[in-house]
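Reader: I am new to this one. Could you take me through the terms and show what stands behind each?

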Amino acid sequence: MKFFLKILKDFPAYLWSGWGAVASILLFIAFWDVGNQIYGNLVLPSPLETFKTLYAMLHSKDILEQIDITLYRASVGFGLSLLFGSVLGLIAGFFATASMMSRPIVTILVGMPPIAWIVLAMIWFGMGDETVIFTVVVASFPIIFVGALQGTRTLDGELKEMADSFAFPWHMKFIDVYFPHIFSYIFPAWVSGLGMAWKIVIMAELLATSDGMGAELAIARSQLDTPTALALVTIMIGSLMFIEYIILEPIKREVELWRV
Amino acid sequence: MSNQKEEKLHATNHYLYYPDEEDIPPYLAYGFRPIFLLLAPYFILSMALWGLVWSGYLSIPFIDNVLQWHIYEMLFGVLTAGVMAFLTTGLPELFPGMVPLVGKRLKYIMILWIAGRVSFWLIDITGVYLTAILNLTMLAWLIWFAKDVVLDKLQRHASLGYTLVVIFAVEVWFFASVLGWSESNSMSILRVALGAIVVLILLAMRRVNMEAVNELMEDKEIDDIYISHPPLTNLAIFAVTLYTIVGYFYPTNSALGWIALASGASIIAITSDYNLKDKFILNQPYVIYLFWIFMLFGLGYGLIGWSILFNDANGVSSFRHFITAGGLGLAYLMVMITIGWIHTGRHLTSNIYTHFMVFFIVLATFMRGLIPFFEEYSTQLYLWSAIAWVLPFVLYIKVFFRFLLTPRIDGIKG
């Protein structure tokens, strides 16, 4: 509880420190605008036009439904990877044999291009939710698994010994000794897993389904509707930035405070 | 001995050597004193004169373009005074070997500044050449005075010197265009000058901020340290410079609108330094005052960006007052107040007067800057914003003139 209060207390200052980031994004948009002036509206619509399209989109019920579908797929896929990745990774980390065995398998999983997984999934599951969710799981599970594995593998033996010699009760050992260390590994893995899930869900939808934001993007492409395509991209980037910088980063800062 | 020397290097002790000139009157005992004694009344007088000129009661033809010369004077005429106060007070402190400028030499320089102002208001009689020569000489002298900063091996504060050189070049360019030696549009040159001056103020504010905020915390026994991070200031300077250069060549381009928005955001970003690790200082009056300088600059650039994106030329010129009357005005006022307390041997104090001074500048800025939203009241807003903007300097005369006219109360010379 105290932990969350501290995050809330630091939140305004954290938010205010984002002005520098806003400035650099705006400079990037200026650069985009120059691109529009050089290459024309068809190739690269102006930022202002894109944002106007975006505004109109966010007021249309149809698009909101599509966003909803995509969100559902991404969160189920990411939720499954989070659960299995964390649990299996933690367990594997405690046993040297298990971690030794899992290494090459993870390498295979990570090394296989997601686009290949999509093809396989389309054969296995057909065109629908399952294909997309499966691809998301396959892509983000290894990342989280490795993070959790590293977290338990690198636990400091001396700290463990100290905790033992002070005869800490098990819950104290877990909360004060193991948890902060493991969390500082697993949390960044969750963040990258989420980023991966959000990117893969769009790609899978674009290739394998007829609804969701990825499918909308495919339609925009076939109609050469660049403003809509860019507006969709803006929604994706915007939502990812919101989750990463507004929700996860403040937690991460608080969690990793002990490191400095 | 070494202990004493160390103590003298401390920021509030100002200098290692003081010139041994006899009978220096208090108002010439240190660089800032005569400047502030003249600058506060000059702000009031010139606003009154402009009011009379704009409303048509007073006819000063100003060659052919009153607006252009109004901008010139409010930028360059005032700038030399502000820069002089900043340099003559700050440099002996940053470079302890430097001898402060006092007494007769100070008097001559002040006469040069006054001559510059008189020649400006009589420009139709005395001609552009005299104004150009007097004002350029003043700025050139300031750069000469600050040469140690540029020649300093460590280059700690060299950016101030280089920016001054750029401003000098822009002023030469302005006069060249007025005299027909250059094809450039003189109004566009003034916009370039504004950009260069904002850069100079941002550089100077980084130093003023560090000194004022840390002095304040020391006074209030707040155990923390405030550091103004160079990358934030540099980002703001980069954005403002880009805006100024692109704005000169493509004043209505939509990309310029985005750059202006970026400039605004990057200037506001500087305020995130006020967020210290352990202590909360944003409830301290001086921190709030200084905070508003950046907010006004930031709002100005942001609103200008918005107007450029939506093709509102009227908005651009109105919102520019957030930068000029607001940001620059408050920056000058804060330099006047801070130096007025600390360098007359007093603690940095806030009271009802300082609150009102800052409040009126901010109020005047909003009244002047937001005229596009209240067109039907524009006449009243012009008048009342001018009055509100002058009030802080009236209060300055009331509070600070007795400090400026009497010796330091801690017995130190200067």
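This is a predicted model: local features need pLDDT of at least 70, side-chain atom pairs count only at pLDDT 80 or more; totals for chains, interfaces and linings use all residues.

Reader: What is chain A built from, helices or strands?

Author: Chain A has eleven helices and zero strands. Its elements therefore run α-α-α-α-α-α-α-α-α-α-α from the N terminus on. The C-alpha trace of chain A spans about 70 × 50 × 30 Å along its principal axes. Of the 260 residues in chain A, 32% are buried.

Reader: Why are H9(A) and H11(A) called roughly antiparallel?

Author: Start with the general rule. Two packed helices are described by the angle between their axes and the distance between the axes. Helix H9 (residues 170-208) of chain A and helix H11 (residues 226-255) of chain A have axes that cross at roughly 175°. The axes come within 11 Å. Angles over 145 degrees count as roughly antiparallel. H9(A) and H11(A) are therefore roughly antiparallel to each other.

Reader: Which residues make that contact?

Author: From H9(A), they include A:Phe183, A:Phe187, A:Leu194 and A:Trp198. From H11(A), they include A:Met236, A:Leu240, A:Ile243 and A:Leu248. By class, this contact has twelve nonpolar, two polar and two charged residues.

Reader: How do you know that B:Leu232 is buried?

Author: Count its neighbours. B:Leu232 has 22 other C-beta atoms within 10 Å. A residue is buried at 20 or more. So B:Leu232 is buried. This residue is in helix H10 (residues 230-249) of chain B. B:Leu232 touches A:Gly20, B:Ala269, B:Ile270 and B:Asp273, leaving aside residues up to four places away in sequence.

Reader: What makes B:Trp306 partly exposed?

Author: B:Trp306 has 17 C-beta neighbours inside 10 Å. Buried needs 20 or more, and exposed needs 12 or fewer. The value lies in between, so B:Trp306 counts as partly exposed. B:Trp306 is found in helix H12 of chain B.

Reader: Why is H12(B) said to be largely enclosed by the rest of the structure?

Author: Because 21 of the 25 residues of H12(B) are buried.

Reader: What span should helix H12 of chain B have, and how far apart are its ends?

Author: Helix H12 covers residues 285-309 of chain B, which is 25 residues. The expected span is 1.5 Å times one less than the number of residues. That gives 36 Å for H12 of chain B. Its end C-alpha atoms are 36 Å apart, so the two values agree. H12(B) is followed by B:Asn311, whose phi is positive, near 55°.

Reader: Which residues touch the most other members of the largest nonpolar core?

Author: B:Ala193 and B:Ile197 do, in a core of 136 residues. Helix H9 (residues 186-219) of chain B gives the most to this core, with 20 residues. B:Ala193 touches B:Leu75, B:Phe76, B:Ile167, B:Val170 and B:Phe174, residues up to four places away in sequence not being counted. A second, separate core has 44 residues, among them A:Ala92 and A:Trp198.

Reader: How many residues does each chain give to the contact between chain A and chain B?

Author: Chain A gives 17 residues and chain B gives 16. On the side of chain A, helices H1 (2-16), H2 (19-39) and H3 (47-58) each give two or more residues. H2(A) gives the most, with eleven residues. The residues on this side of chain A divide into twelve nonpolar, four polar and one charged.

Key
Residues are numbered from 1 along each chain as its sequence is written. Chains are lettered from A and ligands numbered from 1 in the order in which they are written. Helices (H or I, at least four residues) and strands (E, at least two) are DSSP runs, numbered from the N terminus. A nonpolar core is a set of buried Ala, Val, Leu, Ile, Met, Phe, Trp, Tyr and Cys residues joined through C-beta atoms within 7 Å. Two residues are in contact if their C-beta atoms, placed from the backbone, lie within 7 Å. Ala, Val, Leu, Ile, Met, Phe, Trp, Tyr, Cys and Pro count as nonpolar, Asp, Glu, Lys and Arg as charged, and the others, Gly among them, as polar. Axes are lines fitted to C-alpha atoms, for helices over the stretch in contact, and angles run from 0 to 180 degrees between N-to-C directions. Angles under 35 degrees count as roughly parallel, over 145 as roughly antiparallel, 65 to 115 as roughly perpendicular and the rest as oblique.
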